[in-house]
Amino acid sequence: MKLELRGITKRFGALVANDHIDLRVEPGEIHCLLGENGAGKSTLMNVLYGLYTADEGEILLDDEVQRFTGPGDAMAAGIGMVHQHFMLIPVFTVAENVMLGHEETKAAGRLDLDAARRRVREIADRFGFHVDPDALVEDLPVGVQQRVEIIKALSRDARVLVFDEPTAVLTPQETDELMAVMRRLKEGGAAIVFITHKLREVREVADRITVVRRGRIVGEASPTSTDAELAALMVGRAVELTVPKEAPRPTASALEVRGLEVTDPTGAVVVDDVSFTVRGGEVLVVAGVQGNGQTELAEALVGLQPASGGSVTLDGTELLGRSVRQVLDAGVGIVPEDRTHDGLVGAFTVAENLVLDRTDGPPFARAGQLQLGLRDRFAAEKVEEFDIRTQGIDTPVGRLSGGNQQKVVLARELSRDLRLLVASQPTRGVDVGSIEFIHRRIVETRDAGVPVVVVSTELDEAVALGDRILVMYRGRVVGVVPATTPRDVLGLMMAGIPQTEGASA
Amino acid sequence: MTTLAPTPSSSPAPQEGATAVVARHVAVVSRKAVVASGVLTLLLALLVALAPHAGLARFRFSSETDLFRIPSVAVPGQTVAWVCVVLAVLVTAGMALLVRAGRRVPVVLSALLAVLLVVGFLAWAGAGSDRDFPVVRLVGGSVLLAVPIVFGALGGVLGERAGVVNIAIEAQLLAGAFTAAVVGSLTDSPWAGLLAAVLAGALVALVLGLFTITYKVDQVIVGVVLNVLVIGLTSFLYSQVLVPSADRLNSTTRFPPVAVPLLSEVPVLGPALFRQSVVVYLMYLAVPAVWFALYRTRWGLRLRAVGEHPKAADTVGIKVQRTRYVAVLVAGGIVGLGGAFYTVVSVSSFGKEMTAGAGFIALAAVIFGKWDPVRAALAALLFGAASNLEGALSIVGAPVPSQFMLMLPYVVTVLAVAGLVGRSRGPAASGQPYVKE
Amino acid sequence: MTTPDPYAAGGAVAPDAVPHNPATHPSPEADPAGPPPAPVEDDSARWRAAVHRVFAGGWAVSVGAVLLAVLAGSVMIAFTDEGVQEASSYFFARPLDTLGAVGSAVGSAYAALFRGAVWNFRADDLAGAIRPLTSSLNFATPLIAAGLGVAVAFRAGLFNIGGQGQMLAAAAGAGWVGFAADLPVGLHLLLAMVAGIAAGAVWAGIAGVLKAFTGAHEVIVTIMLNYIAFYGISYLLATPGLLQAPGSANPKTPAMQDTAILPRLLGERFTLHAGFLVALLAVVLVWWLLNRSTLGFGFRAVGENPAAARVAGIDVRRTTVVAMLVAGALVGIAGTTQVLGTVTTGFSYDIDAGIGFDAITVALLGRSTPWGVLGAAILFGGFKAGGSTMQAAENIPIEIVLVVQSLIVLFIAAPPLVRAVLRLPQPQARPRRRATTREAAA
């Protein structure tokens, strides 16, 4: 089935998320939609899928204009979507998830689960997936959950398939498998839209590439383009592809982690016997595919998760067993992974957020009273220093863009006397300009002699920022290697294959 | 060379993903149940030790009209109470061992403990009294007191499963009771009253839905305010309209008890459970019916999907808001049915605030029952039994101040939500309005 | 499942967002973060935006909500009035009779309300004329304190429905010291107040501790604690030697001793007592607490985003417990002033008089700010004072006040509804278009 979008425009208030976008996807073609975060790719696909209504423009399938009032219409017309955030009900089984929305029933209105199971098995067999129809989705690994999403789309005979940032949660190997599946679907005659911002994947699988920036189509590219060409097209200017930094100058200061173990509430050991050392003046990047214990590791380091074993010492002082307050007071800077959830109070002003973890004593609080004058002067100073784009220090931080929000978090943490910085996903969901700024500040902190731990699922960031890279897989350390290690070796390590085996393989 | 690529804009929660991939597991079991059991056992032990009662406690199992008579049993109260305490200590210790070994405490043990504590308490309280405990009335009374709570809890389960927290169960019960009284009196037909109560409950639900689903107001706030509103409305109308013409507007014909053939002849349980009015039988039907609808039908699957992950439901073409409205309206109707119990079964007239907090207990039963219709109904029965103890004790003239017995269901509720529930998980999207931008 | 609802994150953007200046805001939001607020076209639009905010924002909606609720109250009065019912029986013959009856029923009801709440125009002298106003302030006193208690809890993300129980606990504590202790003037009153406030704090603290350490939902626990307090007080009142007045079989305490009674502010002719000043002091204290103190900063941080508060080193559990203690203490003031100022002749288990629940509506109407609570409490105090007069003079059940109050809060909670009914501007709409519609309407 041929998909065509003509002049699609979608506005949110005065922001034009999609500005007269034209797109044509032929059957048997993988069409890549490449663009930065916030470029408007997901908005466009949500319009296509009937979740949003376009303000202007039309959607055509096989040259017929479609009117979608909701996802139900889009699905009925043959459009299937594999969502970036899986649209699966965690407490339902695979079969229930697949049947949801087009359930078959038996007498007395009873659900026909057997039919759903058969359907799941039939599609799974066709693609060589191993999926148990009766498994609860929440018990499945992320990669398998994604296959359930694919089965769900195929179970309604989708002829146009949209993959929205599907590789973010996959290991390189799983990514390869996904590419294979996409090719197989293409050969079966499906029209495929592949949304991503990862240049390598684009070149590997795309038949055609359309680049989106700030809601507009800025050009087409061929799969033979270089990374730099694609990146420049995507960002709109020549991109500083490297983080300028000197060789590390280690200091005496050090964070030592020995045999750290973290158990989650369900009893799963999510950080398993992790040991490493970070010296002052050095950045250690904890890399790995999302969900392999990095988050828990970072949280355990700063007292946000209780550790069930091991030790974490900073310059000889034990950090485990301390409250977050005590850890902060020991000079640890925390940049949490999810800034809107853990880093900022959205309804609080920029000024309030800049002192969020500093209201327990002088200088910002005396005798239980907040020192507002001092706080505001401090905030004005930091807004200037960190180039935080805001209407004023009294603006609620929730109204700032992602990059500026992250700068608020960073400004707050870096303005304390740090003896350790733990930053999780410091540039996730941040525009390119802010990424460069944030990386520079992190490197400056390193150069001031502070040990820095950065958790990142982006291999590119790990390589750019790190002096050494620690790769985690299933809660364990696969290895700690120099940042100069070849990407394919790092990729294998992220799949749990240690460096030596990976090198020999 | 180092490359800069923009990073994903998402903020997924990797913790949960991690549990899926890690190999190693250690068992984690909540200690709350053990602590709560220990506290309750200790309380009973203190009671028995500090206020000993000599004499026999008598339990009567059948009435004069029964086909099969079971002789009454007389036991030395203090001794039986101590035996129960010892057994309860053993059960608690067993729980503690299980927890230490990393195993879960089975529901059976908790239930056994509850029975031991109740029997022990009754034996202690009844010791030395010259009256005997009418066991049939104890059971039957518990069921009767539980009826509005069960209906309320069923409505609460349906609403929360669809993602709408219903604090307004109390309001729906009260509206049902009021409407059933007025319509039942005007038409002189309890059936008409029952039907009107269903509509009244659904009407309150409609207001709840309008504010929480359409206008996305905080569900708890709307629920609390609706309670005040309905209390105010019914009390106002009661004083202004019902009192002046009570004969015409506020005196219903009640449903008579109907004995179910055969079943009503079963010893003890028969007369307690199967010589009841039609509303009670409706309750017996409603519990499995709601269970079936929720877990075995398309409607229920979609309802639960909407309560767990509305966006996901939306992406497969399910109308989230409509599904929630229907769920809330059906739930309101069921609760309204429970409200009718007050004025067409229990008594024959409406009184100000006559539901007396049953809606809140139903809410607790929802949580205690872990959002499952059958468990919630059982929890409601437990609360009914706790409420009924006061009446039972006043029969034998037990030495516990009646205020403490009246307090019991509420204390049980606090203990239940604080202690026994453990790590229960409600519908993920419960309480959140679905905002489709 | 690895996918949190991206829609939850969208909540970070305030719905009534002030328009952005695009010049300072170059980067669009990430896709799932939802639509960012609309920018203003140019500087000249700022003034229009400001006007727009006044009408799209809080106050117009608050006033509109009160008007709508009062209107609904009128409908209820009209429908249940006997004169109206009589006249409506021949409505088609003489419709004006019905309208006249409606007018007279509603008119005399609200006249009575005004007479009872603000100014008694039938009084012989000035003292009599302003007595309703002082009576309203007297009714407002516990509403202010209890409303603050609910508001402080709200700001810390806790829904305190336990006002009834906390008031009863406070009344028992203050009352017991008030009638049983023999202490010098001043000290006695002080001690009685401290006892009452502490009792209220402890009673709320139970819910705080259970919430913090077991996760028990405070809504259910506080409601249950209301019942437990009620039966507990009932027991104390029925037991000689505890709270029951000696030689009496009634569930009622003895009268307070003179040394424990809050002095009257305007002489013996007026009931207004020093409890009102205590409530005003509490307003100022709460303002300081919420806006200037580190403790209040912690409350608000936990209330807005407990996860971020935790990462910022704020002890969420302790904050929860302390917030409930403070909330309970404030509600405790309400219970204390009731027994030491308003009902000094001994009290029973109905001393809370529904204030604990009224406090929720007060806090919601006052938007959980101290000054808002003060205003809302005085309004509702007026309703209560006037409602009594209305019941006495026009035979309209006082429960109408409950209905009007809850309707006010319902309307306030759903601004779009009020805006739709009263045709006020919706906040999403662009200011320019809005301005023109208003001009057209004017």
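Let us begin with one pair of residues: A:Glu261 has A:Gly309 of β14(A) as its bridge partner. That pair belongs to strand β11 (residues 254-263) of chain A and strand β14 (residues 309-314) of chain A, which pair in the antiparallel sense over 5 bridges. Two strands pair if DSSP finds at least two bridges between them. As background, strands of a sheet pair through backbone hydrogen bonds, either parallel or antiparallel.

Strand β14(A) also runs antiparallel to strand β15 (residues 317-318) of chain A, joined to it by 2 bridges. Here A:Leu314 stands opposite A:Thr317. The hairpin of β14(A) and β15(A) has 2 residues between the strands, and A:Asp315 in this hairpin takes a positive phi near 50°.

## How to read this model

This is a predicted model, in which local features need pLDDT of at least 70, side-chain atom pairs count only at pLDDT 80 or more, and totals for chains, interfaces and linings use all residues. Residues are numbered from 1 along each chain as its sequence is written, while chains are lettered from A and ligands numbered from 1 in the order in which they are written.

## A mixed sheet and its helices

In which order do the 6 strands of the open sheet in chain A lie? The order is β16-β19-β20-β13-β21-β22, and the pairing is mixed. At the edges are β16 (332-335) and β22 (476-482) of chain A, each pairing on one side only. From one strand to the next, the twist averages 15°. Angles such as this run from 0 to 180 degrees between N-to-C directions, with axes as lines fitted to C-alpha atoms, for helices over the stretch in contact.

Inside the sheet, strand β19 (residues 420-424) and strand β20 (residues 452-456) of chain A pair in the parallel sense over 4 bridges. A:Ser424 has A:Val455 in β20(A) as its bridge partner. Helix α9 (residues 294-301) of chain A packs on the sheet, touching β13 (283-287), β19, β20 and β21 (468-473) of chain A, and its direction makes about 150° with that of β19(A). Helix α17 (residues 487-494) of chain A packs on the sheet too, touching β13, β21 and β22 of chain A; its direction makes about 35° with that of β21(A). Residues count as in contact if their C-beta atoms, placed from the backbone, lie within 7 Å.

Most residues other than glycine have a negative phi, and most peptide bonds are trans. Now look at A:Arg214, whose phi is near 50°, a positive value. A:Arg214 sits in the loop between β9 (208-213) and β10 (216-221) of chain A. C:Ser368 also has a positive phi, of about 60°, and is found in the loop between α14 (355-365) and α15 (370-394) of chain C.

Is each of these residues buried or partly exposed? A residue is buried if 20 or more other C-beta atoms (placed from the backbone) lie within 10 Å of its own, exposed if 12 or fewer, and partly exposed in between. A:Arg214 counts as partly exposed because it has 18 C-beta neighbours inside 10 Å. C:Ser368 is buried, with 20 other C-beta atoms within 10 Å. A:Pro363 lies in the loop between α12 (350-354) and β17 (365-366) of chain A.

## Chains B and C

Chain B has 17 helices and 5 strands, and 56% of its 437 residues count as buried. Chain C has 18 helices and 0 strands, and 57% of its 442 residues count as buried.

One helix to trace is α9 (residues 218-238) of chain C.

Technical notes:
The expected span of a helix is 1.5 Å times one less than its number of residues. Two residues are in contact if their C-beta atoms, placed from the backbone, lie within 7 Å.
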